[in-house]
Amino acid sequence: MAFVIRWSPFLAVSLWIFYFIIISCYAEKAPYASFARDATSAPPSEYFDYIIIGGGTAGCALAATLSASAKVLLLERGGLPYGDQNLGHVTGFRKTLADTSPTSASQLFVSTDGVFNHRGRVLGGSSAINAGFYTRASNQYVVEAGWDPRLVNESYGWVETKVVFRPRVMEWQSAVRDGLLEAGVSPLRGTTYEHLHGTKTGGSTFDENGYRHTAADLLEYADPTNITVYLYATVYKILFGSSPERRTKSYGVLFRDSKGNRHVAYLNSGPTNEVILSAGALGSPQLLMLNGIGPARKLRAHGITVILDQPMVGQGMSDNPMNAVIIPSHRPVEVSLIQVVGITNAGSYIEAASRVLEQALTPALVQHFARLANQTFPEGTRNIQDVIILEKVMGPFSRGYLELQSNNPNDNPRVTFNYFQDPRDLQRCVQGMEIVKRVIESRPVSAFRYPFSTFQSLINLMLAIPNNLRRRHVSASHSMEQFCVDTVMTIWHYHGGCQVDRVVDRDYRVIGVDGLRVIDGSTFYTSPGTNPQATVMMLGRCMIIYNSSIIYIYIYGL
């Protein structure tokens, strides 16, 4: 017999808090020796209440939350983020992205637009390889998404307690903050996690000693007796059957370990038990397609049996275009990633970093920069450091799509973002770059650049750096529109492919399939705030609490 108790969201939050007070007595610290292990140790078959595909930014939050009252399996195709100096410290950011080895934590892909990009392949996902900036979505974004504001705020707080810190704002970031104010990006908002127009300092997932904290740290909230994490586990197949209502229903997954051995994880019997896709904006639509949920004609072309003809899977892919100016500096500066942001009224965000691209400033390129300004550096000049100011287009409006390249889940899918296809994005970029120019020419930032380095010489320097595979037009030197198009980069905030009301419903259930959800950035229409990682982690917790406001209690023998 089953009784159904309906709880208000407020009572649901209270219940989950009570659960976690109890669980905190038994919580385990990273690296989770009792429940995180190599998938080669997995038995041929097992049963769980929930199976989460993808131990990334959302997946770790999901697993920790669900483990309070259910048996949870978390499958991650990469390894642990702990013990790797490059992954674990701010000074290793560039080296992590430059690692193209087959099992690297950062998996390189190149969109058909000719832009280099990366996706996380490690427990913690992209939160383990990104620049660490932490900021919440705007209140307007929360309302438009249809989320409960109280649950959202509680969930953000849950994340922040574990992985977010107030950054130490040093010389370069302070100069950019003051330069933004001089450029008119006001008012000064101080240090805040809230999305507020003006200039602010956000949170950081790097602590005061420069050590990184990731979504994987959220597993310290988990009940270690209720969770299993398999590492280097690649899901090849989602298993489907029929529900009593003759609807397609997932009942488990087939995955392989690093040695190619086959393992099957089944769902326990129960109306709330589910497979949850949290494989990211590339991985989730890719896995749906590989398992027969997607545009039927394209699936059949790959020899895939169609489970559900769903043409919207893989559609609505977007990546916020980013354009930057690298400034060779004669002043010693700190290593810093994103800390200060200017949230403008022009639809763009202005951010900065320092000493993250030192190897990009080769002696030959430095001399080229000097020649552009009709200057000469002495041969053997060293100690030229890089500081960077960038603008990111909010939204964006432009949309692309994702397609399969092969039937192998280890291969990257083919993705097209169509940067600046919508002219409104290009207009925002131009306006954003005009603000960047004012910041660079401001008194605080001018102190970091060589006296002879004009904004025009810095633009020409950027055009000489092969930061993407796109063609450079001669006109880009004098046309800011062409400069935006030619030098566009990613800031790794891509999203879409499994969007709400197109692929999933408002409860993030895959439309037309039972027992299957998608909870990650693939469900977004636009990128939340100035950086999405806070909202993706929040979503992993918030959606589970929200959907647990209906709690099923089974009493046997009655």
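Modeller: Before we start, a handy term: a residue is buried when its relative accessible area is under 20%. Also, keep in mind that this is a predicted model.

Biologist: Nice. Which strands does β24 pair with?

Modeller: Strand β19 (residues 315-317) is joined to β24 by 2 bridges, and the two run antiparallel. There, M317 stands opposite G400. β24 also pairs with β25 (residues 414-416), again in the antiparallel sense, over 3 bridges. In that pair, E403 has R414 as its bridge partner.

Biologist: Switching to the open sheet: how many strands are in it, and in what order?

Modeller: It has 7 strands, ordered β9-β10-β21-β22-β23-β20-β26, with mixed pairing. At the edges are β9 (188-191) and β26 (489-490), each of which pairs on one side only.

Biologist: And how do β21 and β22 pair?

Modeller: They are antiparallel, with 3 bridges between β21 (residues 340-343) and β22 (residues 348-354). For instance, I343 has Y349 in β22 as its bridge partner.

Biologist: Which helix packs on that sheet, touching β9 and β10?

Modeller: That's α7, residues 171-182, which also touches β20, β21, β22 and β23. The direction of α7 makes about 155 degrees with that of β22. Another helix, α13 (residues 455-464), lies across β20 and β26, at about 115 degrees to β20.

Biologist: Back to α7. Which of its residues are buried?

Modeller: The buried ones include W172, V176, G179 and L180.

Biologist: What should the span of α7 be, at 1.5 Å a residue?

Modeller: Its 12 residues should span 16 Å, and the end C-alpha atoms are 16 Å apart, so the two agree.

Biologist: What comes after α7?

Modeller: Just after the helix, G184 takes a positive phi of about 95 degrees. Then S186 and P187 are joined by a cis peptide bond, with omega about 5 degrees. P187 sits in the loop between α7 and β9.

Biologist: Where else is there a cis peptide bond?

Modeller: One joins A30 and P31, with omega about 15 degrees. P31 is in the loop between α1 (9-23) and β2 (36-38). Y32 is found in that loop too, and has a positive phi near 60 degrees, although not a glycine.

Biologist: Is Y32 buried or exposed?

Modeller: Buried, because its relative accessibility is 0%.

Biologist: Okay, new topic: how many residues are in the largest nonpolar core?

Modeller: 158 residues, and W147, W172 and M433 are among those with the most contacts inside it. Helix α15 (residues 533-547) gives the most to this core, with 9 residues. Apart from it lies another core of 5 residues, including L87 and V122.

Biologist: What does M433 touch?

Modeller: Leaving out residues up to four places away in sequence, M433 touches N323, V325, E391, F455, I459, M480, F483 and C484.

Biologist: Last one: how many residues of α15 are buried, and where does it bend?

Modeller: 14 of the 15 residues of α15 are buried, so that helix is mostly covered. α15 bends by about 30 degrees at L539.

Note on methods
Residues are numbered from 1 along each chain as its sequence is written. This is a predicted model: local features need pLDDT of at least 70, side-chain atom pairs count only at pLDDT 80 or more; totals for chains, interfaces and linings use all residues. Side-chain values use heavy atoms; hydrogens and water are left out. Two strands pair if DSSP finds at least two bridges between them. Helices (H or I, at least four residues) and strands (E, at least two) are DSSP runs, numbered from the N terminus. Contact means heavy atoms within 4.5 Å. Axes are lines fitted to C-alpha atoms, for helices over the stretch in contact, and angles run from 0 to 180 degrees between N-to-C directions. A nonpolar core is a set of buried Ala, Val, Leu, Ile, Met, Phe, Trp, Tyr and Cys residues joined through side-chain atoms within 4.5 Å. Buried means under 20% relative accessible area, exposed over 50%, partly exposed in between (1.4 Å probe, protein chains only). The bend at a residue is the angle between axes fitted to the seven residues ending there and the seven starting there. The expected span of a helix is 1.5 Å times one less than its number of residues.
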